[in-house]
Amino acid sequence: MTETNKMLEECANYLLNHCFVLGGVEDQRAKYLYVQDHLNEVRAVFAPLGYSVVLYPAPLQAAALVNEHEGSQARLLKYESILLLVLRLLYLQKRESLSASADQVLVTVEEVQAELQKMNLPRRLDQPTLEKLLRTLRRYNLARPVGKLSGLDSRIEVFPTVLLALPDSDLADAAAEANRTRSELSLYERPEDGTAAVEVEE
């Protein structure tokens, strides 16, 4: 197998597993550049399966694997969905205050907890629960902790893909769903007992 074919296989499998690949993240940059430079070839791999590959140039620098067929999208638990909404809000707030050349958007656990508190959730997210929720968001290249989440000053890197996973056109529906399920959340003893509230495109 040629080096080019190996890279094509690696990028295709990465997109299948993570939905997004980011040019602004060091360990993903080579894959993003390959997709950018070989977009037609990558698209040809997925076309027979009903998937499309969408390239978002700077400032997002992301490639997304999209399938609109019913049942082909990743489904998040309720608390995962709410956390994603909060991170999207904080991302937009931070981007306004950062210079155009800034690559990273970092938020603290304290900022996340403050936004969650505004939603009058039945409980404050403890560290193990937050870490568990972030593992899911990290899998889909939406956000990741910077080091260990050891306190309120611990940081989370939020990727621009939060804007793609929750585009503006979907926010009204997502907000309505979050409001409708808020009262239901109090019935659950553990966040993982919830059902999906927001879909992330694969």
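Trainee: How many residues does α1 have, and what is its reach?

Mentor: The expected span is 1.5 Å times one less than the number of residues. For α1, with 16 residues, the first and last C-alpha atoms are 22 Å apart, close to the expected 22 Å.

Trainee: Which residues of α1 are buried?

Mentor: Buried means under 20% relative accessible area, exposed over 50%, and partly exposed in between (1.4 Å probe, protein chains only). In α1, the buried set is Met 7, Leu 8, Cys 11, Ala 12, Tyr 14 and Leu 15. Their arc around the axis, taken from the directions to the C-beta atoms, is only 160°, so they sit on the same side of α1. Against these buried residues pack β1, α2, α3 (39-46) and β3 (62-66).

Trainee: And Gln 28: is it buried or exposed?

Mentor: Gln 28 has a relative accessible area of 3%, so it counts as buried. You will find Gln 28 in the loop between β1 (20-22) and α2 (29-37).

Trainee: What is Gln 28 in contact with, leaving aside neighbours within four places in sequence?

Mentor: Contact means heavy atoms within 4.5 Å. With those neighbours set aside, Gln 28 touches Tyr 14, Phe 20, Val 21, Leu 22 and Asn 141. Tyr 14 is 14 residues from Gln 28 along the chain, and their C-alpha atoms are 9.6 Å apart.

Trainee: How many salt bridges are there?

Mentor: The rule asks for a side-chain nitrogen of Lys or Arg within 4 Å of a carboxyl oxygen of Asp or Glu. It gives four salt bridges. One of them joins Lys 31 and Glu 10, with N to O at 3.3 Å. That pair links distant parts of the chain, with Lys 31 in helix α2 and Glu 10 in helix α1 (residues 3-18), 21 residues apart. Lys 31 is buried at 14% relative accessibility, whereas Glu 10 is partly exposed at 39%.

Trainee: Where do Lys 94 and Glu 111 lie?

Mentor: Their side chains form a salt bridge, N to O 2.9 Å. Lys 94 belongs to helix α4 (residues 78-97) and Glu 111 to helix α5 (residues 109-118), so the bridge ties together parts 17 residues apart in sequence. Lys 94 is partly exposed at 23%, and Glu 111 is partly exposed at 26%.

Trainee: Which residue forms a salt bridge with Glu 115?

Mentor: Lys 118 does, with the closest N and O atoms 3.1 Å apart. Both lie in helix α5, three residues apart, about one turn of the helix. Glu 115 is buried at 11% relative accessibility, while Lys 118 is exposed at 59%.

Trainee: Last one: what is the mean pLDDT of the protein?

Mentor: pLDDT is the predictor's confidence in each residue, from 0 to 100. The mean here is 82, and 77% of the residues reach 70 or more. Over residues 188-202 the pLDDT is below 50, although this stretch has 55 contacts in the model beyond near neighbours in sequence. Where pLDDT is low, the predicted coordinates should not be read in detail.

Conventions
Residues are numbered from 1 along each chain as its sequence is written. This is a predicted model: local features need pLDDT of at least 70, side-chain atom pairs count only at pLDDT 80 or more; totals for chains, interfaces and linings use all residues. Side-chain values use heavy atoms; hydrogens and water are left out. Helices (H or I, at least four residues) and strands (E, at least two) are DSSP runs, numbered from the N terminus.
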